[in-house]
Amino acid sequence: MKRDISFLVFLLISTVGFTQENPVTLEYCYEQIADYPLANKTAIQKKIINLNRQIAQSGWYPDIQLSASTSYQSDVTSVPFAAPGTSPPTFSKDHYNISVDINQTIFEGGRIGSLKNLKTKTGKAEIAAIEGELLQIRSQVEQVYFGILYMQKKKESVELLIQDMKEQLSSVDSRVRNGVLLPGNALVLRAEILKAGQQLPQISHDIESGYDVLGELIGEKVSSAEELVLPDLKDFEPDQKNEIIRPEFEAFNARIESLESQIKITEADRFPTLAVFGKAAYGRPGLNAFDDDLQEYWLIGMKAQWNFKSWSNAGKKAEVIALQQKNVKADEEAFNRQLNATLKQAEQQIEMLREQIEHDEEILALRSDIVKEKENLLNQGIITSTEYITELNAEHQAQLDLEQHRIQLVQANIDYLTKKGISWN
């Protein structure tokens, strides 16, 4: 009867866990990752993208330049002749000029639009890379979270083992006093109780360390008094047909598209750049070289620029970028193959754990029957405490194996979805 009550208590603890008003869930930990320092980089990168696009768009804005200058020169042009009755014009050695120059691009071969796309795609690749790092942090959170859950189950198992041995020790002590059992049986139980108790400090230390690491990952202190909730497998159904939405694929795609924009920029180098310009100025000398007074003047015009070296190298540059695109596609294919292999292993792990749990339940039922039998034999003085302890330890190990595999099954399912980039909840 005591054994049945003990296991009922143990199963109740396993199902309900610690009494806590505000238990910590895995979903809550995911939410806290949103405030991880890396997550802030995503918002910063979006601002960078927007600013870079504005900078690129400014290529269509008129270029306005205000300039002013003054100078004094050692000599000026002199006119050696003059009409009869007139004196030759003279020129001042001090010059002054203030002007406004305006240049407006009217054709650039599509370079500006391609540059805007390049800045956008490059920024998206950076964001996807950040999201990939956050996914790795999420995986670390899962490992620590489930590691704590397992150590807590192990602690409960050891405490229950000690409790069972203490209850049996009480019965053995009574029989030793009545001369039914030898004193050595009680000594063996006491020794085993002390031996089991030696495990608790290390287990408690591991649990505390796990909570500290979890707190660092989610950015807030988590007390070991707070319960961690084991997610229910019924709350989600991992589907092998679900599409993979890993951020790495977004990064690969953005890199390929950014290289495509670079090709278009290179192709734009084949075309000339056309612009209109204008200048309004006030100074000395002006456009009339023979007027030595300060004067206003202006001019307008159109200009074309064509860099023949860029034109001749455009084809080679485009070829280089096309080869870089092939490298990115090769990296993507390698990553995809590795990910698929990892997912296959995860699927096999899930199936293996399901089978192990079925076997664990059968083994535990058999071990429980054996312990009940050994307990009766010990009370009758037919076997020693050593034989009883051996079977009791085996039963508790079977119970711990079952709890461990149940936790691992939940973790494996969630890890499978994480590897696909899908939120488990």
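What follows is a short tour of a helix, a surface patch and the strands around that patch.

First, some ground rules: this is a predicted model, where local features need pLDDT of at least 70 and side-chain atom pairs count only at pLDDT 80 or more, while totals for chains, interfaces and linings use all residues. Residues are numbered from 1 along each chain as its sequence is written, and side-chain values use heavy atoms, with hydrogens and water left out.

Helices (H or I, at least four residues) and strands (E, at least two) are DSSP runs, numbered from the N terminus. Let's start with helix α2, residues 26–33, where L26, C29, Y30, Q32 and I33 are buried. Because these residues cover an arc of only 160° around the axis, they sit on the same side of α2; the arc is taken from the directions from the helix axis to the C-beta atoms. Buried means under 20% relative accessible area, exposed over 50%, and partly exposed in between (1.4 Å probe, protein chains only). What do the buried residues of α2 pack against? Their partners are α3 (37–57), α4 (111–177), α6 (199–218) and α9 (385–420), with contact meaning heavy atoms within 4.5 Å.

Helix α4 also holds N117, which is partly exposed with a relative accessible area of 37%.

Now for the surface. I64, L66, Y96, I98, V100, I102, Y282 and L294 make a nonpolar patch of about 740 Å². Two elements give two or more residues to it, β1 (63–72) and β2 (94–107), and β2 gives the most, with 4 residues. Patch residues have over 30% relative accessible area and no salt bridge, and nonpolar side chains (Val, Leu, Ile, Met, Phe, Trp, Tyr) are joined within 5 Å, like charges within 9 Å. A salt bridge is a side-chain nitrogen of Lys or Arg within 4 Å of a carboxyl oxygen of Asp or Glu. V100 is in strand β2 and counts as partly exposed, at 32% relative accessibility.

| Strands | Bridges | Direction |
|---|---|---|
| β1 and β2 | 10 bridges | antiparallel |
| β2 and β3 (273–284) | 11 bridges | antiparallel |

For instance, S69 has N97 in β2 as its bridge partner, and Q104 has V276 in β3.

One last stop: the peptide bond from R284 to P285 is cis, with omega near 0°, and P285 lies in the loop between β3 and β4 (295–305).

Note on methods. Areas by Shrake-Rupley, 256 points an atom, 1.4 Å probe, with all protein chains shown as cover. Pairing = 2+ DSSP bridges.
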